[in-house]
Amino acid sequence: MDAPAAHRMSSESDFAVIGGGLIGRLIAWRLAGAGARVALYERGDAQGRESAAWVAAAMLAPLAEAASAELLITELGAASLDAWPALLAQLPRPVFFQRNGTLVVWHPSDRAESTMFTSRLRVNAPASLLQGGLVALSGAALDEAEPVLGGRFQQGFLLPDEGQLDNRQVLEALAEGLVARGVETHWHTELDDARIEALPARYRIDCRGLGAKPAWNGLRGIRGEVARVHAPGVGLRRPVRLLHPRYPLYIAPKEHDRYVIGATEIEGEDMSPISVRSSLELLSAAFSIHPGFGEARILELSTQCRPTLPDHRPRIRRVGDRVMRVNGLYRHGFMLAPEVSRLAVDCALAQASGACADADAFEYWAAGTRWPSLFASDAPQGQTA
Ligand SMILES: Cc1cc2nc3c(=O)[nH]c(=O)nc-3n(C[C@H](O)[C@H](O)[C@H](O)COP(=O)(O)OP(=O)(O)OC[C@H]3O[C@@H](n4cnc5c(N)ncnc54)[C@H](O)[C@@H]3O)c2cc1C
């Protein structure tokens, strides 16, 4: 922190973080914990209602996600999952965190989906996650794993190491953590590129999620829709995923009999309310898993768009000497946030100390990290990912 410390007497922040959803909040909080003077600018409120993070199911399921995600994401997710407990322990208020596994089930007519699921996992997940991490269950063993589903499914997989947390509690605890660490917070402050440039800070870290689209070619939104319900008659112990050719679904049980049921993946940045079709599909599929969902009360039907880059990887991008952008967390923001924010903070501090003074030094620095492919520097032509 040598270089930022020299500015301690000025009114300038060391770092301005723009976008206080998941990754911006976490980066601001971690930078402040490292002794930096930080200001955070967020267009929405302290609760984070404008963010994708507000709507997310917050499952931490690197192995289950290997059904569609590459090895890099799986490994990054596994390292992040291990890092969450220590990170949460530093927050000023408790956050619901569970590491009780994921259950994957399917209806007998969809058996082919389970074959596809396991073959993708074997390709995309490291052997270390697969060993003991994918347990085939049938009959009584399946009923024992999730008693409330007793007799409903003949076969399934338990992925015992996976986790989940409460997304809104994380956002709330981080908002409190920012205050506790002296971060200057500017809620309800929407900034465009010109205003970002004019901020009184030595470095700017753009974490606007999909809001950074004007500044990042190739960044796009993938719409997701979820239902939040209160279902005291169900009692699931862990997130359940239903493999289905047309209506794949997850149900993530949170505290106090609340469930997040999701989620569609629709190309586009339409933030309009959920369609009748999607709500029928989500709720019918949930009802097919457990009839107790028939008596559930719908608390919310929500939509948001996941900020996504063409290769579906997150990226930490150096843009000149004074700007860094962190984006592209797609459907894995919570699953990857501990590692991505740690790397982004290390990178920001390295820039501040002069260790990444130019693009070559930055690339050399990034090459020495565990995941160099997450880093990028300004492309000569624009900023394609
Ligand atoms: C339906 C759904 C389900 C999901 N489920 C999961 C899951 O189970 N597990 C998982 O790991 N991930 C999940 N995700 C993904 C996760 O929510 C995202 O990856 C994560 O929120 C991305 O974090 P972010 O901080 O980059 O973006 P966001 O969380 O969207 O935060 C960006 C912030 O920037 C602010 N902003 C934008 N423009 C401006 C501006 N001009 N000025 C100031 N502020 C601005 C926004 O208001 C917002 O608060 C899900 C997402 C969705 C939509």
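Trainee: Which domains does the shell around the ligand draw residues from?
Mentor: This is a predicted model. In it, domain 1 (2-54 + 167-211 + 311-377) and domain 2 (64-166 + 220-307) each give at least three residues to that shell.

Trainee: Which residues come nearest to the ligand?
Mentor: Gly 21, Gly 209, Gly 211, Gly 224 and Gly 333. They belong to a set of 42 residues around the ligand.

Trainee: How do the shell residues divide into nonpolar, polar and charged?
Mentor: 20 are nonpolar, 15 are polar and seven are charged.

Trainee: Back to the domains. How far apart do their C-alpha centres lie?
Mentor: The centres of domain 1 and domain 2 are 29 Å apart. The contact takes 28 residues from domain 1 and 24 residues from domain 2.

Trainee: Which helices supply the domain 1 side?
Mentor: Helix 9 (167-180) and helix 12 each supply at least two residues there. Helix 9 gives the most, with ten residues.

Trainee: What's that side like by class?
Mentor: On the side of domain 1 that touches domain 2, 14 residues are nonpolar, eight are polar and six are charged.

Trainee: New topic. Is Val 260 buried or exposed?
Mentor: Buried. Val 260 has 26 C-beta neighbours inside 10 Å, and 20 or more is the cut-off for buried. Val 260 sits in strand 14 (residues 258-262).

Trainee: What is Val 260 in contact with?
Mentor: Leaving out neighbours within four places in sequence, Val 260 touches Ala 57, Val 226, Arg 228, Ala 252 and Lys 254.

Trainee: And how far is Val 260 from Pro 239?
Mentor: 9.2 Å, C-alpha to C-alpha. In sequence, 21 residues separate Val 260 and Pro 239.

Trainee: One more. What's the order of the open sheet of three strands?
Mentor: The order is 3-8-4, and the pairing is antiparallel.

Trainee: Why is one side of strand 3 and of strand 4 left without a neighbour in the sheet?
Mentor: Strand 3 (59-60) and strand 4 (97-98) stand at the edges, so each has a single partner strand.

Trainee: How many bridges join strand 3 to strand 8?
Mentor: Two. Strand 8 covers residues 163-165. Met 59 has Gln 164 of strand 8 as its bridge partner.

Definitions and conventions:
Residues are numbered from 1 along each chain as its sequence is written. This is a predicted model: local features need pLDDT of at least 70, side-chain atom pairs count only at pLDDT 80 or more; totals for chains, interfaces and linings use all residues. A residue is near a molecule or strand if its C-beta atom, placed from the backbone, lies within 6 Å of it. Ala, Val, Leu, Ile, Met, Phe, Trp, Tyr, Cys and Pro count as nonpolar, Asp, Glu, Lys and Arg as charged, and the others, Gly among them, as polar. Domain bounds come from an automatic or database domain assignment. Helices (H or I, at least four residues) and strands (E, at least two) are DSSP runs, numbered from the N terminus. A residue is buried if 20 or more other C-beta atoms lie within 10 Å of its own, exposed if 12 or fewer, and partly exposed in between; C-beta atoms are placed from the backbone. Two residues are in contact if their C-beta atoms, placed from the backbone, lie within 7 Å. Two strands pair if DSSP finds at least two bridges between them.
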